[in-house]
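Colleague: Could you show me how to read helix burial and pocket lining in a model of this kind?

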Amino acid sequence: LRDGNQALIEPMSRETKKRLFRTLCSVGLKEIEIGFPSASETDFLTARDLIEQQLIPDDVTIMVLTQAREELIRRTVESLRGAPRGIVHVYNATAPVWRRVVFGLTIPEMIQLVAKQVGLVKQLTDVMPETRWGLEYSPEAFSMTELPVALEACNTAIRAWDAGPGRPIIINLPTTVENATPNTYADQIEWMSTRLERREHVVLSLHTHNDRGTGVAAAELGLLAGADRVEGCLFGNGERSGNVDLVN
């Protein structure tokens, strides 16, 4: 429900998104990323519809995506106001070419950004205790990021969210561009899983793309390497390069 509109000539309407949401619930999915509210008014209003029309089953948690930018985070948290449960999924690019060319950030500056923006999510959600909040952090282009840098970014997010008993964090490690064989990704996952702080309070999540046609294999090997969760799309439809096929 989040990225699929980028691949459609005629993007989904609010009613279409709600119909698909009901379908995903009937399939049995329990965590559903419903949109990018700060980037799309349709996504923002869809989130409000699901909450205000009480369309979310008791055992389903909705999630929304945002870049690690203050104005976008504020809009995103607002989209979930009043939800019984909600996960805010925050991401920033961590790989060298993104840091150097796109953002012009040094590694310490990038780490400071993670601490500041995850801290903002905590600050905004702490004052809305009627919702059971969760956080997901993704170092975008993880598979092309130096492992020590990715680890520092993730541990910074874990600390900023103050993950602990009853307050888990999802650490999501994407192959934003699949540029190696699945065993390489699995090695990266194992390296991270054995070094993350507060590991018992971390849900280690996989987000594998399919540029090389091995998204499913990478997800399977990543689970064997220590991960707990997989993100994907039905039939692989959704992300630009094709996300892992959950049906498969």
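**Helix burial and a pocket**

Modeller: Helices are DSSP runs of H or I of at least four residues, strands are E runs of at least two, and both are numbered from the N terminus. This is a predicted model, in which local features need pLDDT of at least 70, side-chain atom pairs count only at pLDDT 80 or more, and totals for chains, interfaces and linings use all residues. Residues are numbered from 1 along each chain as its sequence is written, and side-chain values use heavy atoms, with hydrogens and water left out.

Colleague: Which residues of helix 6 are buried?

Modeller: Val149, Ala150, Leu151 and Ala153 are among them, as are Cys154, Ile158 and Trp161. The buried residues pack against helix 4 (96-103), helix 5, strand 4, strand 5, helix 7 (182-193) and strand 6 (202-208), contact being heavy atoms within 4.5 Å.

Colleague: What follows helix 6?

Modeller: Asp162 does, and its phi is positive, near 60°.

Colleague: Which residues lie nearest the centre of the second largest pocket?

Modeller: A pocket is an open set of points on a 1 Å grid over the protein atoms alone, where a 1.4 Å probe fits, with protein on both sides within 12 Å along at least five of seven lines; lining residues have an atom within 4 Å of a point. Here Ile87, Arg132, Trp133, Gly134 and Pro168 lie nearest the centre, out of 21 lining residues. Strand 4 contributes the most to this lining, with four residues.

Notes
Buried < 20%, exposed > 50% of the residue type's maximum accessible area, 1.4 Å probe, protein only.
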